[in-house]
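Subject: Structure handover

Hello,

The structure is below, and my notes on it follow. Please read them with the coordinates open.

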Amino acid sequence: MRLNRNEIGRLSWAAAVVSLACGGCASMLFRGGEKETDAALEELTENETPLVGDYAYPWGTHPEKVEAVALCIGLDGTGEDPPQSPQRAAMLDDMQRRNVPKPNELLRSRDNALVLLRGFLPPGAQKGDKFDIEVRTPTRSDAKSLRGGYVLSARMTQLAALGGQIREGRVLAEAEGAVLIDPSSDEEDALAAHTQGRILGGGTVLKSRDLGLMIGEAHQSFHLVQSIAASINKRFQSYDEGRKQGVAEAKNFGFVRLRVHPRYKDNLPRYVKVVRALSVRETPAAMQERLQLLETQLLDPLTSATAAVRLEAIGDESAIKRLRAGLESADPEVRFYSAEALAYLDQTDCVEALAEAARDEPAFRAYALVALSAMDDVVAYDALRSLLDSPSAETRYGAFRALWAMNPSDPMIRGEQLGGSFAYHVIDGGGPPMVHVTRTGRPEVVLFGGGQNLRLPLVLDAGTSILVNGLEGDEITVSRFRDRRSTLRRAVSTDLDGVIRAIVEVGGEYPDVVQALQQAKRDGALEGRLAVDAVPQDGRVYDGPSEQADPQGAEVDADLDASLGTDESYRVSNPLPDLFSKKR
């Protein structure tokens, strides 16, 4: 029994069972559990000034894992009749409760498959936020491929396996959408690659997650909680329905709830770090003494990163003055950390140093780009625009994403939604022609350079029912075969933009476009570069100025970027900013 997506959707059911667990955070700051303190904060002692981090540790900063069982349809014979299992039993039970007609017949169809879903609710996620869903077939599955599949709406709940049965818990999210097979997968590993994929942005958060600070058991008191909240609110305020108010709220003797300040919306780890670096009680005399010590520590590469965060936490003119002094240092690390802190204080004079770091130093790139995007400054905007022409795919796409975070309505990068399926952007400018697609986060295609053309002859598959044919003449025909007697066609030129639009016009979705682009590159029809998730990475090593710059401006691969600086003498310890690690 084969049903299309709309026919199933009208049945108004969602088969799902989910587990909720604490996932490990890639952050070095929180690795090993949220109670672990930041080692760098303990290395520096500043005249015994008590800081928030001396009493409190972050709460709600780990991703929460959710899992589900759901039905994937539209597989054109590559699905399976799933074997008896707790997952099948749970799905049948749920379908029967929802009065789904002939549930066993649906499961038996080779056009459908039972799939397992998994996602991670990011720290600070708010109701309505989107997140990625991982999709795979069960271990004993005989399904051949999920390409072209669509996962029906599934409830994301807690799960417990008891007595051979799966028990549901709270509903935390929903998941639905088209399955994207990894566009970088090797065709030789087709079986493994084609039975797993992602629904980019396919999860929707139904319940907001709290973020806050837990007070250590030895220090819990309502007076201390109030003092910490007051210290935070003195430094950070935001607007709620037009009313200015502090971001911290003392809830009880052991917990302070936090709202994320808008300037740190794309770098939650840094926000938590700065909050923990705030002083709780400090006299003016002690402050002056600490400022002098921090100025000395800022100019030492071994302590510069922590000193910059603490000066950022102070945030007044006296701190800004000392951070500006760091910009004049001959040491690249000191300059970078000083500039990064100044960016979150919205000081224009940091822009040049951050743009240089983003362009030339892979270890600092992610943090420099996010810092620039956090600024409300035309000079920072211009610096990011200039990076769009970089020969490095990572720098180029990272600059695009930073500009999108700064102002998604900017006409230069705003783009459009094609077919309601994915974001589509054409960026005119310099640099070599490149196409960028995502396999995580927001489904998105970015053409760097308009006027890109496909080389003929070509024949491309776009999903299971769309064919892109350019074997004759100088025209390309995009055809969708709905059944033996019904075909939808569009004739276009070799212009890549027109081909992408034609695929969507005949009913193609994001995975179909990505498949066509992937095959075009493999077959030599796409002459420009095809980059996949070319985002700056964390955990890189800084070992002095790079000597691998290409004076000829040749194309620099993201893999080459990742290999720069491999000496273990110094490793950037900051967690990856959210802009490059979560759905946008």
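Helix H17 (residues 496–505) is mostly covered, with seven of its ten residues buried; buried means under 20% relative accessible area, exposed over 50%, and partly exposed in between (1.4 Å probe, protein chains only). The buried residues of H17 are Leu496, Gly498, Val499, Ile500, Ala502, Ile503 and Val504. Glycine 507 follows H17 and has a positive phi, near 110°. Helices (H or I, at least four residues) and strands (E, at least two) are DSSP runs, numbered from the N terminus.

This is a predicted model, in which local features need pLDDT of at least 70 and side-chain atom pairs count only at pLDDT 80 or more, while totals for chains, interfaces and linings use all residues. Residues are numbered from 1 along each chain as its sequence is written, and side-chain values use heavy atoms, with hydrogens and water left out.

On the nonpolar cores: a core is a set of buried Ala, Val, Leu, Ile, Met, Phe, Trp, Tyr and Cys residues joined through side-chain atoms within 4.5 Å. The largest has 92 residues, of which Leu213, Ile228, Ile232, Phe236, Leu258 and Leu354 touch the most other members. Its largest share, nine residues, comes from helix H14 (residues 362–373). A second, separate core of 33 residues includes Leu418, Ile466, Val468 and Val492. Leaving aside residues up to four places away in sequence, isoleucine 228 touches Val52, Tyr55, Leu213, Ile215, Val256 and Val280, where contact means heavy atoms within 4.5 Å.

On salt bridges (a side-chain nitrogen of Lys or Arg within 4 Å of a carboxyl oxygen of Asp or Glu): the whole structure has 22. Glutamate 527 and arginine 455 form one of them, at 2.5 Å from N to O. This pair links distant parts of the chain, 72 residues apart: glutamate 527 lies in the loop between helix H18 (510–522) and strand S22 (529–532), and arginine 455 in the loop between strand S17 (444–448) and strand S18 (458–461). Glutamate 527 is exposed at 51% relative accessibility, whereas arginine 455 is partly exposed at 45%. Salt bridges with shared partners also join Arg118, Asp132, Glu134 and Arg198 into one network.

Aspartate 266 pairs with lysine 265, the closest N and O atoms being 2.7 Å apart. Here aspartate 266 is buried, with a relative accessible area of 15%, and lysine 265 is partly exposed at 42%. Lysine 251 and glutamate 249 also meet in a salt bridge, at 3.4 Å from N to O.

Regards
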